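Please read the following report alongside the sequence and the coordinates.

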Amino acid sequence: MTPDGIPCMMMRGGTSKGAYFLADDLPSDPAQRDRLLLRIMGSPDPRQIDGIGGADPLTSKVAVVQASTRPGFDVDFLFLQVFVDQALVSDSQNCGNILAGVGAFAVERGLVRAGEGETAIRIYMENTAQSAVARIRTKDGRPDYAGEAHIDGVPGSAAPVYLAFTDAAGSSCGALLPTGSAATEIEGVTCTLIDNGMPVVVMRAADFGLTGYESREELESNDTVKARIERIRLAAGPLMNLGDVAKKSVPKMTLVAPPMAGGAIMTRSLIPHRVHASIGVFGALSVATACMFPDSPAASMAVLPEGEDKTVSVEHPTGSMEILLRLNGISPGMLAECSFLRTARKLVDGRVFV
């Protein structure tokens, strides 16, 4: 690559951090691109000491963005998960947290002209061929990052980023419930195999001898439970139309328990081998949706508001995430629209060297 480096913007999106690139600044060949990104992030290495990755799956993420030629869209967004300690780059999932920064990045790079006060950016998500609309604050032609919105897992406050979806169901698996049921038994454990923006396997923590309130560190050190969850994940892959998932970052695995802090449901998520410090945006959306199905393990302990418009607070180790579900009133569990609040902030804009 050029000794002058590659244009790169580091952004916090939601509870994740990632490197944001214009597609034209990276190789068009996926294999060459992935080799370059492994070098940029410093993988494979548990510390990612020779790269810009943060030695955690939540900080080893990449957004590739370009102006869209598709009718009705402003930009195309490809999310790439760069594994920390393996030479793997995965495009098998979306990331709602990194998505939260795409609108601001598009304005920063001149792909979208900012309005005064607020700008809506129509985003095509290449990973799953689906759409999102991000509404961000803008001022004087630029993103306005300062604001009063707070999300759990991020200190301080920032300008709100509103993300809305109408077609998240079946994003990777081809159906909201790929087995056709909200209750599928795998290795003696009742699971909900669901995909509303993210393939997730939802299970009761109690079925693993857990409370569901264990810390991230406690779960990380429980090799017996992690091995059992991985066996279930490998069996769930083909049932979710994902094939062999041994080297894939999906499905995510989520343990649920009754809420503790006034929310709807408590969660502990594996992504898929490390325990999440909080919960991914689309993972939370899929869990919230699972709560709508009476046969789901989640529904048996969820505390849900009345009405067709439901704000579902998904609790996690560092707080909660609120998901707004608008039901279509026709089929149980089916959604007309879903949306949530995130924040994002530009951290560094410059060039990265390999």
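The report below begins with the conventions and then turns to the individual elements.

## Basis of the description

This is a predicted model, in which local features need pLDDT of at least 70 and side-chain atom pairs count only at pLDDT 80 or more, while totals for chains, interfaces and linings use all residues. Residues are numbered from 1 along each chain as its sequence is written, and side-chain values use heavy atoms, with hydrogens and water left out.

## Strands around β6

Helices (H or I, at least four residues) and strands (E, at least two) are taken as DSSP runs and numbered from the N terminus, and two strands pair if DSSP finds at least two bridges between them. Strand β6 (residues 117-125) runs parallel to strand β4 (residues 75-82), with three bridges joining them; V75 has I123 in β6 as its bridge partner.

Strand β7 (residues 130-139) is antiparallel to β6 and is joined to it by nine bridges, and I121 stands opposite A134 in β7. The two strands β6 and β7 form a hairpin with four residues between them, and A129 in the turn has a positive phi of about 55°.

## Nonpolar cores

A nonpolar core is here a set of buried Ala, Val, Leu, Ile, Met, Phe, Trp, Tyr and Cys residues joined through side-chain atoms within 4.5 Å, where buried means under 20% relative accessible area, exposed over 50% and partly exposed in between (1.4 Å probe, protein chains only). The largest such core has 87 residues, and those with the most contacts inside it are F77, L99, F165 and M203. Helix α6 (residues 281-290) supplies the largest share of this core, seven residues. A second, separate core has 19 residues, among them L38, V64, L78 and V82.

With contact defined as heavy atoms within 4.5 Å, L99 is in contact with F77, I123, M125, A132, L163, F165 and F282, leaving aside its neighbours within four places in sequence.

## Aromatic rings and charges

Rings of Phe, Tyr and Trp (its six-membered ring) pair if their centres lie within 6.5 Å, with planes under 30 degrees apart counted as stacked, over 60 as edge-to-face and the rest as tilted. By this rule there are five aromatic pairs. The pair of F165 and F282 is edge-to-face, because the ring centres are 5.1 Å apart and the planes lie at 65°. Since F165 lies in strand β9 and F282 in helix α6, this pair ties together parts that are 117 residues apart in sequence. F165 counts as buried at 1% relative accessibility, and F282 is buried with a relative accessible area of 1%. Ring pairs link F165, F282 and F340 into a cluster.

A charge sits over a ring if NZ of Lys or CZ of Arg is within 6 Å of the ring centre and within 35 degrees of the ring normal. R70 lies over the face of Y124, at 3.7 Å from the ring centre, and the charged end of R228 sits over the ring of F208, 4.9 Å from its centre.

## Two buried loop residues

N127, in the loop between β6 and β7, is buried with a relative accessible area of 16%. A polar atom of its side chain lies 2.8 Å from the backbone oxygen of F79, and the side chain of N127 also reaches the backbone oxygen of D91 at 3.0 Å.

A159 is placed in the loop between β8 (142-143) and β9 (160-165) and counts as buried at 4% relative accessibility. A159 and A149, which are 10 residues apart in sequence, are 5.7 Å apart in space, C-alpha to C-alpha. Not counting residues up to four places away in sequence, A159 touches several residues, including R137, D144, R342 and T343.

Notes
A polar contact is a pair of N or O atoms within 3.5 Å; within protein, one must be able to donate a hydrogen and the other to accept it, and residues adjacent in sequence count only if both atoms are side-chain atoms.
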